[in-house]
Amino acid sequence: MPGYEVKFTGPLDKAFECPICLIALRDPVQITPCGHRMCNTCLKPILRNKRPRCPLDNLNFDPSKVFPDNGCHRQILNLQVLCSNTEKGCEWSGPLSEIERHQDVCSYAEVSCPKRCGVSLERRRVSEHSSHECINRLTPCAHCGNQVVFNLMSLHLQTCSSFPVSCPANCGATNLTKEKLVVHMNNECLLIEVPCKFVEAGCKFKAERYKMKEHLSSNMESHLSALSDLVNAQKKQLDIQRERTQLQKEHIQLQKETMLLQKQEIIDARGRTANGEFIWRIPDFNRKLMDAKSGRAPEPMISEPFYTHPHGYKMCAGLWLNGVGTGRGRYISVGLQVQVGEYDSILKWPIHPRYTFTLLDQRDDSKEKRDITAHFEPQCISRPRADRQLGKGARRFVLQDDICAINYCKHDTIFLKFNVILKQPPSGFFRP
């Protein structure tokens, strides 16, 4: 950048003038040995020559012996200057070092409109321009009161909900807002063509609203007849729909019964191939445990039935997630119950079973599995009746905290295995 192009309060001393750009030195450097000064920027083209020469005395000089003249630089910055906007009326004067700071606040300096309308003006006029002249200023809409950019006002008025309009049917209604116009045309305007109120009953008459009263009065009988026919037709449709709904309900009920029958057939098939072992899968375990603790779910949970052997004793498992008796609140209790079965009349009674309850470990490595097992041997169980079926089991089978471990409760599911072994009755139990 060449020297300072400013207005000094007095004549510039030739010692502070650059011999190349002929204005006040900026960042002055001194050439050795001649001692001449020039702007650092003005000297750079000369230094690109292989044998640089001083522009004043044409003598060669060593580029390595050119140095900044800081003393001269300080003197120049202390020279008094006038604002570049003096002719516009600015009365500021001060040291050259302050000129740029003054230009940033000078009231007479030319700036661009802060609202980006493209106008350049003196800084002192910005406020007035932004408030009253700028095309990008905000101004209230005379109809709705919303603030709108002045240059976009005509576009706003095309959609302004409060802009007054007249009825397009020329009925004489004026000063309607767009919202009121819709209501006026739908319900009030006498010149708007509207269909007869009985259009859904088959009347095809259309006319201006003021003619409709006469039409309704003179066609009352035909309208009532058409309305009656419409009601009867709708009633028939409703009856048909009710019949279809009833058929769908019956179909859904039949599907439910079929599914229950299929489920029972599966259970019966298991019974025919039974071996006294049953694995009970219990998903959504943590929610069921919380429901049991809070009393939201009844206990016990009852499994589907299974058999000790083909055509054998019918059993089912019971599970008390919040425990029962001495296990209540801390333990999970399990038990087995002999139920009334299809083959009880040909089986031997009483029986002496041995129950085994197992909480299965779900770890992948079979060598690390640690199943939790409990055994229970009732003294004897008589033939059950429909009104008397007693369960036997382990009240403190496993702690609730232990069963929630990840190796027993995986994917929020646990597995319980039940085994029933029938023992021989004690010696002398059956007498000939």
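A: We begin with a definition: a residue is buried under 20% relative accessible area, exposed over 50%, and partly exposed in between. The model at hand is predicted. With a relative accessibility of 39%, E133 therefore counts as partly exposed.

Q: With which residue does E133 form a salt bridge?

A: In general, side chains of opposite charge can pair when their charged atoms come close. Here E133 pairs with R125, the closest N and O atoms being 3.6 Å apart. R125 is partly exposed, at 34%.

Q: How many salt bridges does the structure hold?

A: The structure holds 15 salt bridges. One of them joins R37 to D69, with 2.6 Å between the closest N and O atoms. R37 belongs to strand 3 and D69 to the loop between strand 4 and helix 2, so this pair ties together parts 32 residues apart in sequence. D69 is buried at 10% relative accessibility, whereas R37 is partly exposed at 28%.

Q: Where in the chain do E377 and R354 lie?

A: E377 lies in the loop between strand 19 and strand 20, and R354 in strand 18, 23 residues apart. Their side chains meet in a salt bridge of 2.9 Å, N to O. A further case is a network in which salt bridges with shared partners join D284, R287, D291 and R296.

Q: Is Q400 buried or exposed?

A: Q400, in helix 10, has a relative accessible area of 3% and is therefore buried. Its side chain makes a polar contact with that of N322 at 3.1 Å. Q400 also touches other residues, including L289, K293 and Y331.

Technical notes:
Residues are numbered from 1 along each chain as its sequence is written. This is a predicted model: local features need pLDDT of at least 70, side-chain atom pairs count only at pLDDT 80 or more; totals for chains, interfaces and linings use all residues. Side-chain values use heavy atoms; hydrogens and water are left out. Helices (H or I, at least four residues) and strands (E, at least two) are DSSP runs, numbered from the N terminus. Buried means under 20% relative accessible area, exposed over 50%, partly exposed in between (1.4 Å probe, protein chains only). A polar contact is a pair of N or O atoms within 3.5 Å; within protein, one must be able to donate a hydrogen and the other to accept it, and residues adjacent in sequence count only if both atoms are side-chain atoms. Contact means heavy atoms within 4.5 Å. A salt bridge is a side-chain nitrogen of Lys or Arg within 4 Å of a carboxyl oxygen of Asp or Glu. Lists of a residue's contacts leave out its neighbours within four places in sequence.
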